[in-house]
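This report walks through one protein model, piece by piece. Keep the sequence and the 3D view open as you read.

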Amino acid sequence: MTSTTLQLSEPFGQIAYREAGLSHSGKAAPVVLIHGVGMQSAAWGPQIEAFSKTHHVIALDMPGHGGSDRIPSGSDLPVFLDWLLAVLDALKLERVSLAGHSMGALIAGGFAVCHPERVARVALLNGVFCRDEAASRSVVARAELIGTGSFDLETPLRRWFGDTPIEQAARDEVANWLSEVNIDGYATAYGAFARGDALYSDGFSKIRCPLLALTGDDDPNSTPAMSQAMADAAPYGRAIIIEDHRHMVNMTAPNVVNAALTDWLHTPSEQGELT
């Protein structure tokens, strides 16, 4: 695996990403991974290790996270979609299997709606979808608080992790990433996350590629009902709910998540091939 940076056009600046697998053979299909708010591409470690054996894996640092430059403060979800398009163009990736976690799932889902020709299949891990009024008020209030520079490290960690040894080990890694995040980049991403849950929901019916929506049954904000609603809204959608796990399932239940992603990657991408 290599860590690489690439200069994009304005206003996106530098993108940092981790790359592994058969990237130069022309034979390995590309898989692009986008993490959630406060994380970095290293959060996809179990997936990078598993899928680099068969695919060209590119895990991106989201704007203002890891080694990637910030985008303008207050940018909403469409700007993140424009950023992803600029990344794929710069990497000369015409059509990819696209997976996102949390905020990354919002980006991936919106991108599949707006740029279907660039997406062979899309996986939405612990995504949010059409929050109810109470949940919307709560997340917008958190976004406004974060926008003032107030950042509470412990609150998301309590929501995201239980007490099992594997969850506590993952919690320690995530706490380190959260403690290193650029607060302005975090605030911009969180604001887009808070305001973007229904922005592209009406377009899910037009997603013609395989869609996987996956979450943990104990995730209080990226709920099983949301994953099922995403799958139901897409013509070729499938929902998987992982028992006894919360928000960071790709780290806390890597074997189960990787098995689901393996099935997803083996699903034919063309509508005419689907049964």
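## Ground rules

Contact means heavy atoms within 4.5 Å. Helices (H or I, at least four residues) and strands (E, at least two) are DSSP runs, numbered from the N terminus. Buried means under 20% relative accessible area, exposed means over 50%, and partly exposed lies in between (1.4 Å probe, protein chains only).

This is a predicted model, in which local features need pLDDT of at least 70, side-chain atom pairs count only at pLDDT 80 or more, and totals for chains, interfaces and linings use all residues. Residues are numbered from 1 along each chain as its sequence is written, and side-chain values use heavy atoms, with hydrogens and water left out.

## Helix α3: an enclosed helix

Start with helix α3, residues 103-114. Ten of its twelve residues are buried, so α3 is largely enclosed by the rest of the structure. The buried ones are Met103, Gly104, Ala105, Leu106, Ile107, Ala108, Gly109, Gly110, Phe111 and Ala112. What covers them? The cover includes strands β3 (30-34), β5 (96-101) and β6 (119-125), along with helices α2 (77-90) and α7 (183-195).

The expected span of a helix is 1.5 Å times one less than its number of residues.

## Helix α10: one buried face

Helix α10 covers residues 254-265 and has twelve residues. From first C-alpha to last, α10 reaches 16 Å, close to the 16 Å expected. Its buried residues are Pro254, Val257, Asn258, Ala260, Leu261, Trp264 and Leu265. Seen down the axis of α10, these buried residues fall within an arc of 160°, so they line one face of the helix. The arc is that of the directions from the helix axis to the C-beta atoms. An α-helix has 3.6 residues a turn, so residues three or four places apart point the same way.

Glutamate 19 lies in strand β2, residues 14-21. Glutamate 19 is buried yet has no salt bridge. A salt bridge is a side-chain nitrogen of Lys or Arg within 4 Å of a carboxyl oxygen of Asp or Glu. Lys and Arg count as positive and Asp and Glu as negative, while His and the chain ends are not counted. The nearest side chain of opposite charge to glutamate 19 is arginine 18, 12 Å away. Glutamate 19 does have a polar partner: its side chain makes a polar contact with the side chain of histidine 56, at 2.7 Å. (A polar contact is a pair of N or O atoms within 3.5 Å; within protein, one must be able to donate a hydrogen and the other to accept it, and residues adjacent in sequence count only if both atoms are side-chain atoms.)

Alanine 20 is also in β2. At 8% relative accessibility, alanine 20 counts as buried. Leaving aside neighbours within four places in sequence, alanine 20 is in contact with Met1, Ile48, Ser52, His55, His56 and Val57.

## Salt bridges

How many salt bridges does the structure hold? There are five. One of them joins the side chains of arginine 195 and aspartate 76 (2.6 Å, N to O). Arginine 195 lies in helix α7 and aspartate 76 in the loop between β4 (56-60) and α2, so the pair ties together parts that are 119 residues apart in sequence. Arginine 195 is partly exposed at 44% relative accessibility, and aspartate 76 is partly exposed at 31%.

Arginine 118 forms a salt bridge with aspartate 89, with the closest N and O atoms 3.0 Å apart. Arginine 118 sits in the loop between α3 and β6, aspartate 89 in helix α2, 29 residues apart. Arginine 118 is buried at 8%, whereas aspartate 89 is partly exposed at 42%. Glutamate 133 forms a salt bridge with arginine 137. Both lie in helix α4 (residues 133-147), four residues apart, about one turn of the helix.

## Threonine 252

Threonine 252 is found in helix α9, residues 249-252. At 4% relative accessibility, threonine 252 counts as buried. Its side chain makes a polar contact with the side chain of histidine 245, at 3.0 Å.
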